[in-house]
Amino acid sequence: MFDLSMIKAVYERFPGRVAAARKAVGRPLTLTEKILYAHLTQGDATAAFARGKDYVDFAPDRVAMQDATAQMALLQFMQAGRAKVAVPSTVHCDHLIVAKDNSKVDLERAVNESKEVYDFLASVSNKYGIGFWKPGAGIIHQVVLENYAFPGGMMIGTDSHTVNAGGLGMIAIGVGGADACDVMAGLPWELKMPKLIGVKLTGKLNGWTAPKDVILKVAGILTVKGGTGAVVEYFGEGAVAMSCTGKGTICNMGAEIGATTSTFGYDESMSRYLKATGREAVAELADGIAEHLTGDPEVYANPEAYFDQVIEINLSELEPHLNGPFTPDLATPISKMKEAAAANNWPTKVEVGLIGSCTNSSYEDISRAVSLAKQVAEKGLKTKAEFTITPGSEQVRYTIERDGFLDIFAQIGATVYANACGPCIGMWERVGAEKQERNTIVHSFNRNFAKRADGNPNTMAFVASPELVTALAIAGDLTFNPITDTLTNENGEQVKLDPPSGDELPVRGFAVEDAGYQAPAEDGSGVNVIVEPTSKRLQLLDPFAAWEGTDLKGLKLLIKAKGKCTTDHISMAGPWLKFRGHLDNISNNMLIGAVNFFNEKTDNIKNQLTGEYGPVPATQRAYKAAGIGSIVVGDENYGEGSSREHAAMEPRHLGVRAVLVKSFARIHETNLKKQGMLALTFADKADYEKIQEDDSIDIVGLTEFAPGKPLTLVLNHADGSKDEISVNHTYNDQQIEWFKAGAALNIIRKQFAS
């Protein structure tokens with residue numbers, strides 16, 4: 001059992017801290033409030049914090065990092081001056097494995113190609129007391145759910161889908177590596193007190209409807225930014241009736257609505273899951289304080305009085321959904337897909353169906369999908385689309401192999417990929433993707449931005465439950481509605497698929513021979529962490545320069561990004577993942593996916609020094625070489641998507657001084673602040689239109705930079721005219737000090753040096 005003593009300590013103080021919080025707030029508490037107030041750095045609450053306004057210091061219980069983001073997080077931690085991490089922390093090697101042939105071949109290739117990175121991560125983990133999960137062990141979020149998540153706990157992770165652990169009643173939040181560095185160094189972690197969205201689930205899931213359909217429905221209601229700055233708390237009879245891993249699926253995709261995190265109250269399904277995964281001791285401890293591990297009864301009886309927004313969904317009436325293409329909030333009930341596909345001219349032939357990933361790779365997910373795969377032979381059918389399975393962990397993979405599921409999938413021609421992220425994050429070497437043909441795929445992943453899965457901007461990816469993905473792969477038709485439609489089998493007969501069925505947990509229990517865990521040394525002082533100076537994949541960090549102490553004058557407009565600009569657009573994944581530990585090399589992908597407002601092209605901007613058009617990174621490097629700073633301008637919800645702090649570190653490294661947008665996604669705004677950047681928003685969004693291609697820009701008011709005080713931008717146009725606009729920011733006093741110091745890490749380094 002991992003970290004049982006830590007969990008015991010959390011539970012021992014939990015009732016007292018909840019009581020103090022209830023007194024300070026003066027009313028009954030939601031589950032979210034209980035967990036947040038129970039993790040205040042100060043200890044017992046003495047006053048209430050204003051939602052959406054007050055910055056609060058928290059003390060998370062643990063940190064998790066995946067291999068792509070862990071590289072930069074640990075390169076930063078190495079500069080902090082500590083001999084060992086202050087809280088339990090883990091590294092999970094799941095992002096660097098390309099899905100191409102099959103699990104065995106793909107894993108062997110990755111271990112060989114990324115040996116330098118894996119050796120670095122293993123050695124730095126060994127030195128600083130960090131648990132290390134080897135390549136092939138599984139996807140970070142599934143492994144965390146199986147081993148580390150616990151009701152009422154609080155954790156942060158360097159991946160936006162850290163929120164998956166909300167399925168076990170945690171407050172689990174995705175962050176950048178600098179935030180992880182703070183917590184591992186034993187420093188408080190700062191978060192603006194989130195607003196609260198309550199989702200009341202009535203009725204019960206049935207037939208073809210799955211937990212995935214709950215979050216697909218919620219995404220359609222709230223959109224990709226409707227949850228920004230908020231925690232989503234699910235409750236009601238429908239929540240209680242759902243499996244723990246089903247809850248995890250819903251929380252996982254909460255990242256797609258911009259939510260800080262999502263969570264559920266402790267119930268029997270969580271207890272069952274804890275016991276099934278060898279954590280009977282945790283279930284027993286949670287049972288002892290169960291009343292504190294859910295919202296107060298008054299809250300759920302009258303949710304409108306306690307939440308900032310309440311949504312109600314009747315699960316008995318909920319229909320299976322398909323969300324997409326190109327955005328996870330374009331929600332279409334399956335009964336409406338035929339009409340929607342015709343109206344939008346979407347290709348209806350399904351080329352590939354992909355199930356698994358961190359979102360939907362539980363035993364229950366796979367067992368329900370296999371109940372459909374069985375029917376292919378039983379009903380004389382033939383699977384029309386390619387079909388792939390990505391298990392979430394070695395424990396799940398081993399168990400489904402033992403139970404014969406993989407044999408059944410093999411009979412329908414399925415390919416089993418490694419226990420890793422694979423196609424979900426663009427690590428998919430899909431045959432023919434380079435032709436960039438219009439095509440449709442369906443998957444049970446969480447994101448479906450353009451190019452994300454296979455690099456083809458014309459691949460239309462639709463998100464659905466594993467059950468629906470399997471049915472659509474069998475049918476080969478996006479408009480197939482398994483509730484009402486029939487299929488023609490090999491004998492020319494019309495047959496109908498029976499609704500999926502499966503087991504919440506394996507009847508014979510989970511099993512695994514080697515889960516893939518490597519414990520750190522008790523004393524890591526003698527462990528050497530080697531980074532070769534000539535390495536193309538790893539690079540030790542140099543501190544960013546401190547602010548000059550003056551207003552910033554003569555900044556060149558680097559790019560005015562139009563429309564959706566996610567972290568995938570700012571710092572692509574896929575083949576670029578190999579450079580996640582080398583800041584200078586990965587900076588060659590900076591903003592290459594962003595659409596230039598002035599010519600509607602990607603990676604094609606005007607160099608104001610030469611008047612010529614060229615790639616974004618090369619243009620910015622030219623400005624840097626000339627000693628000229630620059631500014632990036634963006635649209636709404638800028639930085640949506642992954643937690644990857646490279647999207648903030650790359651512009652910082654190349655000399656971008658400020659990012660000015662209509663609105664930010666939460667994690668990206670924080671990452672910019674942590675790296676000493678100016679994250680600014682238009683006071684009047686219409687001023688976005690005033691930004692011209694040849695502008696030189698002055699940022700005025702920095703010598704009096706203060707919380708709540710707007711700054712002024714002077715737009716110096718090429719024709720000699722000027723515009724002055726007001727811009728806002730959300731910096732508090734501490735964050736302003738990060739800016740002045742050049743980065744938050746510069747302050748940490750000084751603290752430990754002294």
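This is a predicted model: local features need pLDDT of at least 70, side-chain atom pairs count only at pLDDT 80 or more; totals for chains, interfaces and linings use all residues.
**Exercise 1. Work out the strand order of the open sheet that contains β8, and find what packs on it.**

*Solution.* Start with the order: four strands form an open sheet, β10-β9-β8-β11, with parallel pairing. Here two strands pair if DSSP finds at least two bridges between them, and strands (E, at least two residues) and helices (H or I, at least four) are DSSP runs numbered from the N terminus. Next come the edges: β10 (261–264) and β11 (309–314) each pair on one side only. On average, neighbouring strands of this sheet are turned by 20° against each other, direction ignored. Axes are lines fitted to C-alpha atoms, for helices over the stretch in contact, and angles run from 0 to 180 degrees between N-to-C directions.

Now zoom in on one pair: six bridges link β8 (residues 195–202) to β11 in the parallel sense, and Gly 198 stands opposite Val 310 in β11. Finally, helix α8 (residues 211–222) packs on the sheet and touches β8, β9 (230–235) and β11, its direction making about 135° with that of β11. Contact means heavy atoms within 4.5 Å.

Residues are numbered from 1 along each chain as its sequence is written, and side-chain values use heavy atoms, leaving out hydrogens and water.

**Exercise 2. Decide whether β18 is enclosed or open, and name its partner strand.**

*Solution.* Check burial, where buried means under 20% relative accessible area, exposed over 50% and partly exposed in between (1.4 Å probe, protein chains only). Five of the five residues of β18 (residues 459–463) are buried, so the strand is largely enclosed by the rest of the structure. Then split by direction: Thr 459, Ala 461 and Val 463 point one way, Met 460 and Phe 462 the other. In a regular strand, side chains alternate between the two faces of the sheet. For the partner, β17 (residues 439–443) runs parallel to β18 and is joined to it by five bridges; Asn 439 has Thr 459 as its bridge partner.

**Exercise 3. Describe how α1 and α2 cross.**

*Solution.* The axes of α1 (residues 4–25) and α2 (residues 31–38) come within 9 Å and cross at roughly 110°. The two helices are therefore roughly perpendicular (65 to 115 degrees; under 35 is roughly parallel, over 145 roughly antiparallel, the rest oblique). Among the residues that meet are Phe 14 and Val 18 in α1, and Ile 35 and Tyr 37 in α2.
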